[in-house]
Amino acid sequence: MMQNTRRRSRRIRRHISRWFYLAILTMGALVMFIPFAWSLSTSLKPLSESLVYPPVWIPHIFDWENYVKIWHLVPLARWFGNSAIAAIGVTIGNLICDSMAGYALARVQFRGQRLMFIGVLAMLMVPFQSVMLPVYILLRAFGLLDNYYGLIIPLAVQAVGIFLMRQAFLNLPSDLEDAAIMDGAGRFRMFWQLSLPLVLPSLLTLALISFMLSWNNFLLPLLVASRPHLWTVPLGVVMFQQEYFVNWPYLMAAAVMTTIPVAVIFLVFQKWFVRGIATTGMR
């Protein structure tokens, strides 16, 4: 009788905890979705209705022309192309550099390894705003302003990617490398043919994070690109904000269109993203 009572109490606790966590997740999802919902609603409003107070969530007239007009008002296609070039270049750079650095910190023993890893962790705590001026001076000294190299190189190596790949390589058993060494494999061959395919979820996670950080980056293009033909989408969206007037439907339409590529990529690779994050901290 006592055992049945305990089992029932455990089941009740499990159900309560499940519903509690579900309620918390639902509330969190709603809080994060509200800004996007407001942007989508505003992008479908006429200009006169977007300035009404108190504001309304559902437009009385859905003005789909806002999404068409912004393509003719500004070179939005050019800005999308610039963002895509910068994001793809940054993603490729991170996949190559961060994976090699993470492998060296995880699998190769050398003097100063621990100190270097501490330096990587320290870089995680340094915001870009604090190194913005030195980055600009270096880019100007090397002639990397107003070109695609300036949009890619500063973000081609990131501490978060090195940390992510180091944790992924630490989870691999050392017996695999011992067997590869006995077969005569070199260090680069072990990295490229043995270790790298085994951390594919972490690589896809790194690619997704790098693409999102570069696509949504505003400060670096603001420093590098002074000419409109090199602007990215986040920087170009500022064009809709004038000194004394803001066309909110156009601005929100551009913001929604900026979000779509990242949202589609995340939905396609979300399973790999979750798997890569889950396996990062196993050791």
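Met-32, Phe-33, Phe-36, Met-212, Thr-259, Ile-260, Val-262, Ala-263 and Phe-266 line the second largest pocket (a pocket is an open set of points on a 1 Å grid over the protein atoms alone, where a 1.4 Å probe fits, with protein on both sides within 12 Å along at least five of seven lines; lining residues have an atom within 4 Å of a point). This is a predicted model, in which local features need pLDDT of at least 70, side-chain atom pairs count only at pLDDT 80 or more, and totals for chains, interfaces and linings use all residues. Residues are numbered from 1 along each chain as its sequence is written, and side-chain values use heavy atoms, with hydrogens and water left out.

The second largest pocket holds about 220 Å³ (the space filled by probe spheres set on the points, which are joined across faces, edges and corners). Helix α14 (248-280) gives the most to its lining, five residues (helices are DSSP runs of H or I, at least four residues, numbered from the N terminus). By class, that lining has eight nonpolar, one polar and no charged residues (Ala, Val, Leu, Ile, Met, Phe, Trp, Tyr, Cys and Pro count as nonpolar, Asp, Glu, Lys and Arg as charged, and the others, Gly among them, as polar).

What about the largest pocket? Its volume is about 720 Å³. Of its 25 lining residues, Phe-128, Pro-154, Leu-155, Val-157 and Gln-158 are the closest to the centre. Helices α5, α6 (132-141), α8 and α12 (219-224) each give two or more residues to this lining, which has 22 nonpolar, three polar and no charged residues.
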